[in-house]
Amino acid sequence: MEKELPSVLISGIGGTSGVLESHVEFLKKHFNLITMKEFQKSKELHEKIKSVFVFERLPVIDQELLESLPNLKVIGNSGVGVNHLNLKLIGSFGVKVTNTPHAVSDSTADIGMALMLASARRLVEGCYLATSPDTTHFAVNWLGVEVSRATLGIIGMGNIGYKVAKRAKAFDMKILYHNRNQRKEEEEQEVGATYCKNIDDLLRQSDFVMLVVNLTSETHNLIGKRELELMKPTATLINICRGAVVDQDALVEALQNKIIKAVALDVTYPEPLPRDHLLLQMKNVIITPHIGTATDQALHMMTEEAVENILAVLNDLPIPSEVISK
Ligand SMILES: O=CC(=O)O
């Protein structure tokens, strides 16, 4: 007799539901997929569900859902950030949470480099100029700066931070990093990075500051007015982690008062920003719509990593990436 596949709840398939059509075949090899629609129609399915596959914050995991899943073992988040999950609440139901820190690292590091280079070389302004009817512009009137030999300060030397550092090394950048919990000596040696125990030292010295931390209560508003004022007036801030790591009002003020030179953000709060937001009106701001993992390859690997995690929990095997609530 064929073994029954474990039932996994997903928000839906295709469109804005969260799970890509192209991943369904792979998911179905391992799981009996149950969509939210099916789940809501049949109470019998509730007992069967062993896991929820969360993709781009869906489905929403709240008390009501957790109470309706008596045999739930694991929330498999496809993505590294878990700030949309209430870890304490989930933990109180004895349910594990996993994420995909490896699958996202290259694509997110690429976006960090892309934003840094685009800001330094004023790429977006250049695109507008190239397509504008005004042909009198000369590049010499709007010079950028080079990232080669400049100092990059990486805040958060996890998987993504390290991948950024590797890329920056190839650009001959001087690399500083700050990590709140742990010095990363092996990574340091590999890329020739210098550890700054004190974040202020990194902020004072860097030409580019890149934020690559998890959003937690400790990193919420990590970069505020005081920190921005420590940065060089010629410095650029790049954020590829979560918008709320930066105090956005302080950021607007710092740009208006020329406290820092420029900013490049893949993340904001809210997402997207309201059309009339001041950040959208400044020339020295580049904003992309949270596309750190928006590549075919990354999404595919995220799904694979999430599946591996879920199967490990369900089969009582060592879990590759469990999120431990602190
Ligand atoms: O934002 C992307 C992720 O959390 O993986």
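**Overall architecture and local features of the predicted chain**

The secondary structure of the chain amounts to 13 helices and 12 strands. With a radius of gyration of 22 Å, close to the 20 Å that the globule rule gives for 326 residues, the chain is as compact as a globular protein of that length. Along the principal axes, the C-alpha atoms occupy a box of roughly 75 × 50 × 35 Å. The coordinates described here are those of a predicted model, for which the scores are ipTM 0.96 and pTM 0.95. Across the chain the mean pLDDT is 95, and 99% of the residues reach at least 70. Confidence is lowest in helix 7 (residues 123-131), where the mean is 89, and highest in strand 9 (residues 208-211), where the value is 99.

Buried residues account for 50% of the 326 residues in the chain. When contacts between residues at least 6 apart in sequence are considered, 64% of them join residues at least 24 apart.

Most residues other than glycine have a negative phi, and most peptide bonds are trans. Against this background, E56, which is not a glycine, has a positive phi of about 50 degrees, and R57 likewise shows a positive value, with phi near 70 degrees. Both E56 and R57 are placed in the loop between strand 3 and helix 4. E56 counts as exposed because its relative accessibility is 54%, above the 50% cut-off, whereas R57, with a relative accessible area of 41%, is partly exposed. The peptide bond from L58 to P59 is cis, with omega near -5 degrees.

P59 itself is buried, since its relative accessible area of 4% is under the 20% limit. Leaving aside residues up to four places away in sequence, P59 touches I10, S11, M36, V52, F53 and V54. P59 and Q182, which are 123 residues apart in sequence, are separated by 33 Å from C-alpha to C-alpha. A further cis peptide bond runs from E271 to P272, again with omega near -5 degrees, and P272 lies in the loop between strand 11 (262-265) and strand 12 (285-287).

Two other positions were examined for their surroundings. R122 is placed in the loop between helix 6 (105-120) and helix 7, and its relative accessibility of 25% makes it partly exposed. Beyond residues up to four places away in sequence, R122 touches W142, L143 and G144. The C-alpha atom of R122 is separated by 53 Å from that of H46, a residue 76 positions away along the chain. S321, by contrast, is located in the segment after helix 13 (296-314) and counts as buried, because its relative accessibility is 5% and the limit for a buried residue is 20%. With residues up to four places away again excluded, the contacts of S321 are V97, T98, N99, P101, H102, E305 and N309.

Definitions and conventions. Residues are numbered from 1 along each chain as its sequence is written. This is a predicted model: local features need pLDDT of at least 70, side-chain atom pairs count only at pLDDT 80 or more; totals for chains, interfaces and linings use all residues. Side-chain values use heavy atoms; hydrogens and water are left out. Helices (H or I, at least four residues) and strands (E, at least two) are DSSP runs, numbered from the N terminus. The radius of gyration is taken over C-alpha atoms; the globule rule is 2.2 Å times the number of residues to the power 0.38. Buried means under 20% relative accessible area, exposed over 50%, partly exposed in between (1.4 Å probe, protein chains only). Contact means heavy atoms within 4.5 Å. pLDDT is the predictor's confidence in each residue, from 0 to 100.
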